[in-house]
Amino acid sequence: KAKKIIKAVRNDLKLKERSSYNEVLISEDKNKIINDLKLLGYYFAKVDVIIETIEDNKINLTYDIELGEKAKIQKISFIGDKVFKDRKLRGVIISEEYKFWKFISGKKFLNQSILELDERLLRNFYLNQGYYNVEINSSFAKLIDEEESAFELIYNINANQKFVFNNVTLDLPIDFKKENFEDILNLFANLKGKTYSLYIIENILDEIDKIILDEEYKTLQSKVSENTFENKIDLLFEVSEGEKFQIKRINIFG
């Protein structure tokens, strides 16, 4: 059907041309082809192995593939203590419900790699809304119409309790000037009681790294540790010495 499909199923097959015949590898390659086709949305693909014996103890090996219909996402549902409405959560993920008037898009077909991305997007969304202990329990596809190859995509979510920032502190090396970090320390004072957000933490780490680079402390590194109690989170941002490297030799060419 398309060169990209052939390329996908040929990629990293264990059995190669001119290699020794091996039934175990043939079985493994067949399963890999089926799994690779599922990643592309062909959940009903069938693979037959045809072995043709020719002269000089050689065989021709053919994988006869029947792709079948691509698995469509007919419906997307969210179950569990999800807090947010389905419409809001559909706007977070990449997968889309199949509609005949939509342009051709891989987002409306089942694709395992996109489902994994959807889970990460959902987790980050909840983390940025304060749900520190969110659980994306599972995502699974339920066949609802075999003739149409139509599935319902279901995400099982448990948001759990909402968290707020409590004490936020900065630990610097002894010989470091705190005034370089004055803006960040002022931000810390305003964070207490605010809704927890992964986005805010990542921004603070980025700002600390910028200051480190601006001051040319290139062997320093920053990290954050979290301590939770009830629905509060204490954060400790640490700036510490990273691994140092020595220049062993300088070569000049040309």
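**Salt bridges, cores and a surface patch**

Lys 14 has a relative accessibility of 51% and therefore counts as exposed, since the cut-off for that class is over 50%. The model is predicted. Lys 14 takes part in a salt bridge with Glu 28, formed between their side chains at 2.8 Å, N to O. This pair links distant parts of the chain, with the two residues 14 residues apart. Lys 14 sits in the loop between α1 (3-10) and α2, whereas Glu 28 belongs to helix α2 (residues 23-39). Glu 28 has a relative accessibility of 33%, so this residue counts as partly exposed.

The whole structure contains 6 salt bridges. Side chains of opposite charge can pair when their charged atoms come close. Among the other bridges is that between the side chains of Lys 82 and Asp 86, at 3.6 Å, N to O. Asp 86 is partly exposed because its relative accessible area is 21%. Glu 230 and Lys 232 form another salt bridge. Their closest N and O atoms are 3.9 Å apart.

The interior was examined next. In soluble globular proteins, nonpolar side chains tend to be buried together. Here the largest nonpolar core comprises 24 residues. Leu 170, Phe 181, Phe 188, Tyr 196, Ile 208 and Phe 237 have the most contacts inside this core. Helix α6 gives the most, with 7 residues.

Phe 188 illustrates the packing in detail. Leaving aside residues up to four places away in sequence, Phe 188 touches Val 168, Thr 169, Leu 170, Ile 204 and Phe 237. Of these, Leu 170 and Phe 237 are also listed with Phe 188 among the core residues with the most contacts. A second core is separate and has 21 residues. Leu 115, Leu 122, Tyr 155 and Ala 159 are included in this second core.

Nonpolar residues also occur on the surface. Tyr 21, Val 49, Ile 51 and Ile 59 form a nonpolar patch there. Together they have about 310 Å² of accessible area. Ile 51 lies in strand β1, which spans residues 46-54. The relative accessibility of Ile 51 is 41%, so this residue counts as partly exposed.

How values were computed
Residues are numbered from 1 along each chain as its sequence is written. This is a predicted model: local features need pLDDT of at least 70, side-chain atom pairs count only at pLDDT 80 or more; totals for chains, interfaces and linings use all residues. Side-chain values use heavy atoms; hydrogens and water are left out. A nonpolar core is a set of buried Ala, Val, Leu, Ile, Met, Phe, Trp, Tyr and Cys residues joined through side-chain atoms within 4.5 Å. Buried means under 20% relative accessible area, exposed over 50%, partly exposed in between (1.4 Å probe, protein chains only). Helices (H or I, at least four residues) and strands (E, at least two) are DSSP runs, numbered from the N terminus. Contact means heavy atoms within 4.5 Å. Patches are made of residues with over 30% relative accessible area and no salt bridge: like charges are joined within 9 Å, nonpolar side chains (Val, Leu, Ile, Met, Phe, Trp, Tyr) within 5 Å. Accessible areas come from the Shrake-Rupley method with a 1.4 Å probe; for residues, only the protein chains shown count as cover. A salt bridge is a side-chain nitrogen of Lys or Arg within 4 Å of a carboxyl oxygen of Asp or Glu.
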